[in-house]
Amino acid sequence: MKFPHDIERFTLKNDSYFFPPIGCLSIEETADGGGDYYGLYWEIGKENGDPIVCIARHEEFLLVPEFKDFASFTHWFDESSGQEGPTMNLNDNDFFISLTNKGKVLTKKGKHEEAIQKLERATSLFEEYFEPWYWLAENYYKTGQKDKADRALINSISSNFFFGVPSKKVFDRFEEMIPSNELKDNPIVKRRSDLFQGGDFSTPLSIDYNSFLEIIEELLAKKDYKTAMLMKQNYGLLMSFEPEETVQRHHFNFDVWYENFRSEMFSIYPERNK
């Protein structure tokens, strides 16, 4: 992976087991004593690009993006010694979180074309976060761009769940989708009625793990490796939250699964092993 300039001033670790995920290196100097810390994260397939900087919340298995790049992080760290929470500039057109928040505000004001501009840039900067894809889909629907909306919604569903599992409204919207002929054979779309079932706000997600595995295998066969590895990672994450009864019913052994997943990830994306 490509390391930022001046990285030598910090101590990086990558000896985690599943969390933080592969492609995230923790910064030891930021550990809070309770298990949380800041870390560098590279998107899958973009290991030669610049990483973002996230907080890794170990109890939630959650990455929270805080800085658009390492330079922004070091500036904040030098100013505050890491003791004060960072502030966000809503008008920062180079940080996908700022753009997403601005896009949401514009959406609620009915300014859909302006929202689309912000959200399209957000997804171009970082592809693995579900929220800008969802709001982009909503704005495409509002402006009559159904095919683009459907594709954005698929990207939201197949995002990196370490940045947050999509909300119930995303899954509801996905289940209601009437896909075009071109999208009907998409592995995720054609199993959408089976993949995520039922649910309410107390238990928003009921997952058909057999369909999940079928989707992964079909994506790999189609050589859509990034989506396949994101979905495979999401499978392991979601299964880790399930009760023991569900885990046993699916004959899921986490250690075996993780070793296979890790090996496959490094085989497809060897740069993530550096």
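Entry 1, the model. I am working from a predicted model.

Entry 2, the sheet. I looked up the strand order and found an open sheet of five strands, S1-S2-S3-S4-S5, with antiparallel pairing. I then checked the edges. Strand S1 (12-13) and strand S5 (62-67) each have a single partner strand, so one side of each is left without a neighbour in the sheet. I noted as background that strands of a sheet pair through backbone hydrogen bonds, either parallel or antiparallel.

Entry 3, the partners of S3. On one side I found strand S2 (residues 24-27), joined to S3 (residues 37-41) by three bridges. Within that antiparallel pair, cysteine 24 has tyrosine 41 of S3 as its bridge partner. With strand S4 (residues 52-57), S3 forms five bridges, again antiparallel. There I located tyrosine 37, whose bridge partner in S4 is alanine 56.

Are the residues of S3 mostly covered or open? I counted five of its five residues as buried. Tyr37, Gly39 and Tyr41 point one way from the strand, while Tyr38 and Leu40 point the other way. Both sets are buried.

I checked its length against expectation. At 1.5 Å a residue, the twelve residues of H5 (residues 146-157) should span 16 Å. The end C-alpha atoms are 17 Å apart, which agrees. I also listed the buried residues of H5: Ala149, Asp150, Ala152, Leu153, Ile154, Ser156 and Ile157.

Note on methods:
Residues numbered from 1 in each chain as written. Predicted model: local features only at pLDDT ≥ 70, side-chain atom pairs only at ≥ 80, totals over all residues. Heavy atoms only, no water. Helix = DSSP H or I, 4+ residues; strand = E, 2+ residues; numbered from the N terminus. Expected span 1.5 Å × (residues − 1). Buried < 20%, exposed > 50% of the residue type's maximum accessible area, 1.4 Å probe, protein only. Pairing = 2+ DSSP bridges.
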